[in-house]
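Have the coordinates open while you go through them.

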Amino acid sequence: MWINQILYCLLAVAGLCFLNSVHSQEADSSYTPQNLTCITHDLNTVHCTWTTASATSPEFTYKFCPTTSASDCSETKDKRTSFQLISFDHPGNVEIITLHSGKAIAKKTFVLHENNISLVPLTPRIERLSANFSTQTLILEWKDGGAAFPYELDALWEIQILRKDPMEEVARETYHSVLTKSDTILRWNWTSDLPLECTTHYVRIRCLVEEEHFAGSREWSEWSQLENVPGQDKGSVSKVYPVDPLVPVGSNLTFCCLWHKKQRFISLGYDRCSPEQCPTVSLSNQSMLIYVRNVTVNDSLKNVFCNLTPEADMQFLVGSVLFVGYPPDVPQNLGCETRDFKEITCKWKPGRPTNLLGRRATIYTVFERISGRKNTAREVYSYKFPIPEHQKTYNITVYASNSLGHTEASNSANINQRVYPQTPSRLYVNNNSPTSISLYWDLPGNFKQIPLHCQINRSSSTTHLLQDVFLDGEGNSRYRTSIDKLQPYTTYTLTVRCATAHPLFWKWSGWSKEMRHRTLEAPPARGLDVWRERSTDGDTVKIFWKPLPASKTNGVIQSYKVSWFPPEMPENFEEVNQSRNSTEIKLGGTDYVFMIVAKNQAGSSPPSWINSAEIPNDDATTENGIATGNGIYLTWNPDSNVTCGYTVRWCHSFGSEPCAVNWENFPSNVTSAVIKSAHFQAGVRYYFSVYGCKTNGFQLLKHVNGYTKELEPRAKPVFDMVETTSDSILIKWKDIPIESMHGFLKGYLLRFAKEGEDANKLKSFDLGRPYFNITEPNKKTLKITHLQGKTNYCLKLSAYTAGGIGPEEEKCALTKENPEQLILAIIIPVAIFVVFVVLTSILCYRKREWIKETFYPDIPNPENSKALEFPKDPEGNPNSKTLEMNPCTPNNIEVIETQSPCLKIEDTAMTSPVAEDLPEDGLDSETESHVVVSYCPAIIEEEISNPTADESAGSSQVIYIDIQSLKEEPEVSGVAAAGYKPQMQLPVNSMRNMEEATSAEEDLDNAEGYRPQANTTTWNTDCLDSPTSIESNIANVSFGSPCSINSRQFLIPSKEDDDSPKAINTGWSFSNFFHSKPSD
């Protein structure tokens, strides 16, 4: 069964293939519609276009069916059609059929959705493009096309600005608007950095509609047609643009220079700006640009100049002037006020200066909104206008404008609260009494129903008072007030100012001009302050009184009246002139009570009473007061019998003039006081007396001495050296005068030092005290002990008070010599010397061996030298020793001294024949006991070259003699017994004869002990190459000084040779004196 199903499927596929081949033959693919594109301009109608491979022909039409219904189809010949967007709420099929003569030859079905439709606005059209050349601004106007859309939409406009030919884009700006279902004219401004006259500017626009609910894409519309503002760079003008520009501070400017076609450009510059700071750029064949950056107020009135050359080769100059400034600042402190309720004055401050003058200066316009008044002026900061009747509230606006900008400020207020009265004038005074006056003044203005607050400033020499006066405003401007509580017969200075009272207060008026007025006289207001002084014999009394202060006289004092009342007798009185302040009255043995009054033109002062009687007091004491710096503090004990107070009386302590009496009274309950006076001086002693006023007279209570301020003494204490011993000095000094003390004496300070030491250094009699302080002011002597005898001391003595230390009196004294010290000065050095000698002797005795070895060593004995203790043979005999002469060529010779000029022997050779004959082992072959000691002489510093074999045959040789033991037997050969001998320089023949000899010396017994190696009689101090040494034939002659083989020190000859010649140069040095004795 499944096989039958397969057969059916194969037949169906074959049928389909057949039908497809038939259809392909009938339809041509070049006529099939393709590339369907649909857009909408208004979200209402969709515009679709398509293409075909074949060219468009009038014989062909196209049937466009947006749905399957045949009624929605439409035919067109242009390969484009339109339909309503509302039909595509959901995805649908669009079928396009190509018809030829009404017969369908090709068709294609497209799936169309809103996503496939693009929203592209219609191409906008510029309605108007204009230019404001004064501000270099382009003004663009166009319709937004909002009527095409069914509802409000947001639109974005792109504006492109181009300039020059060929065109170059200089700006691309965006502008937002709202489409409101109606066509609206849109305006947009653009300010160019380049003057519009310099070149042609072009503008075009396009639009993009923003619909967020639209599913399709949103695309820009096509660009509108270009609109332009033509420039002046066509070769018809010669000018610099912009012309005299006005710009704000900080601006960047571009100037251009234009010239005719027949002119030639030379240069373009700005003031003194360098090309690096102000570069120039070519704009076209007839224009050049220059850039000026960040201009300041200092750049104002500078010039841009352009040099051109016309056909006649004459220089032609064009240019422009730059103006730089600020836009107007907001008017500051704007306020309006009235001074008399007749007109209003508005004032303000301009704020920051604009730096612009003339026709470019700021224009201010004042506008009052309620009344409609308006005024305009240039650079004026105030405006006045009359007050309209019944208008109290004002709304003022001030507009400030110039070419760079404009600002404004407003203020509104009730005029009753903005009253600034004018200054009062025409002051006038009328006396009411000695203590009261009436004051009148004028205040211009109509202040009806306005309360006023005025202040009257009155001042005298002693007082200053500000009096407030509240008045009702009047229309006649004349005001009056009374001033009370004045001082009689006192000159016052009066001034007045006024303002509106609270709550309408705004500002005080200015102070009026000063007016001076003196009040009337009145009787003195206070009684006199009196005192009396009895004479020594009590026969007279002198009455003193203090003049009244000016504030209490109440007029001019004309005289004083002193009255006293004897018992059962009429009143006695005395008139005293006003220039005096005391009078003297005889008592006649009777005490009286005196009354004193002061009189002026208006009357007499209250009376002052004083009793002339004085109650004796033998217990009055004297104390010191306390200085307070500006006064003296006094205290006294209270007295219950004192009924009319206490009196402190004082007088200056010294002076050539009579004592000036002064006093001060205190109530009965006061027991202390600080006495002050303008006449007190620091450092001056004053004497005070305290009196108690009792019913029957005055009683002296105590005396007090005092200073207002203590100072250091001005005088030195004078002292003398009364007695001087070997260890003490007694001094005595005198009192310092009181007038030189300037304070109460507290004590004395004493300093002393040895002569030559620092006199200002303090010396102390007690340990731990920096100076000797004599705290007893009455002490006048002092004994200084524990001094050194026969020593000069300088003493300084000064007095001190609470105010400081006074100057020092200095004297010097020499103490006497102390005999005990003289004896000690002799005994102590002698004892020290004796002890030193004894100790030195003991030390030398104990160290005598060491001293002897160090300073006086024994002469070394060769017999005791370990160097000569040779090994003995088996029989006990000492072996003979021979110094072996090894070949040793000295490489230099040191000349120790030169005693006489020597001749040089050319053929002298320093060789050793003995060394040539020795065997290689260096030992004597004949005698086994013979010991050969290798020896090399000391190196001579003078270099001698080795002789050749030919030269050695005829040259002299140095022979080294073997050292034999000093204790050998007498039968030893003569050569061996000869002992140690120095090397000798002998002729060769003599050397051979000496070798053949059987004996070289006589008396071998004389060889005992250390002896030189040659006979001292044969010592020759001449040089080896001297003529005398050459002529000598003596075989054993020793040349040079007797020296050791390895030492330059002289050898000491034997005693029997003391008469032999001595070497001239011994070569001894001081170091041998300290050379210790060798032990071997």
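1. A quick definition before anything else: a disulfide here is a pair of cysteine sulfur atoms within 2.5 Å. Keep in mind that this is a predicted model. Applying that cut-off gives a count of nine disulfides.

2. Take C257 and C306 to begin with. Their sulfur atoms sit 2.0 Å apart, and the two form a disulfide. Which hand does the link of C257 and C306 have? The torsion about the S-S bond is about -80 degrees, so this disulfide is left-handed. As for where the ends sit, C257 belongs to strand β18 (residues 253-258) and C306 to strand β22 (residues 302-309), so the pair ties together parts that are 49 residues apart in sequence.

3. Are C257 and C306 buried or exposed? C257 has a relative accessible area of 0%, so it is buried. C306 also counts as buried, because its relative accessibility is 0%. The cut-off behind both calls is that buried means under 20% relative accessible area.

4. Next up, C38 and C48. These two form a disulfide with 2.0 Å between their sulfur atoms. About the S-S bond the torsion is about 110 degrees, so the disulfide of C38 and C48 is right-handed. C38 is in strand β1 (residues 34-40) while C48 is in strand β2 (residues 45-51), so what gets tied together is parts that are 10 residues apart in sequence. Both C38 and C48 are buried.

5. Then there's C454 with C498. Here the sulfur atoms are 2.1 Å apart, and the pair forms a disulfide. The link is right-handed, with 105 degrees about the S-S bond. C454 lies in strand β33 (residues 451-459) and C498 in strand β36 (residues 491-500), so this pair ties together parts that are 44 residues apart in sequence. Burial is quickly told: C454 is buried, and C498 is buried as well.

6. How do C207 and C844 come out? C207 counts as buried, because its relative accessibility is 2%. C844 has a relative accessible area of 38%, so it is partly exposed.

Definitions and conventions
Residues numbered from 1 in each chain as written. Predicted model: local features only at pLDDT ≥ 70, side-chain atom pairs only at ≥ 80, totals over all residues. Heavy atoms only, no water. Helix = DSSP H or I, 4+ residues; strand = E, 2+ residues; numbered from the N terminus. Buried < 20%, exposed > 50% of the residue type's maximum accessible area, 1.4 Å probe, protein only.
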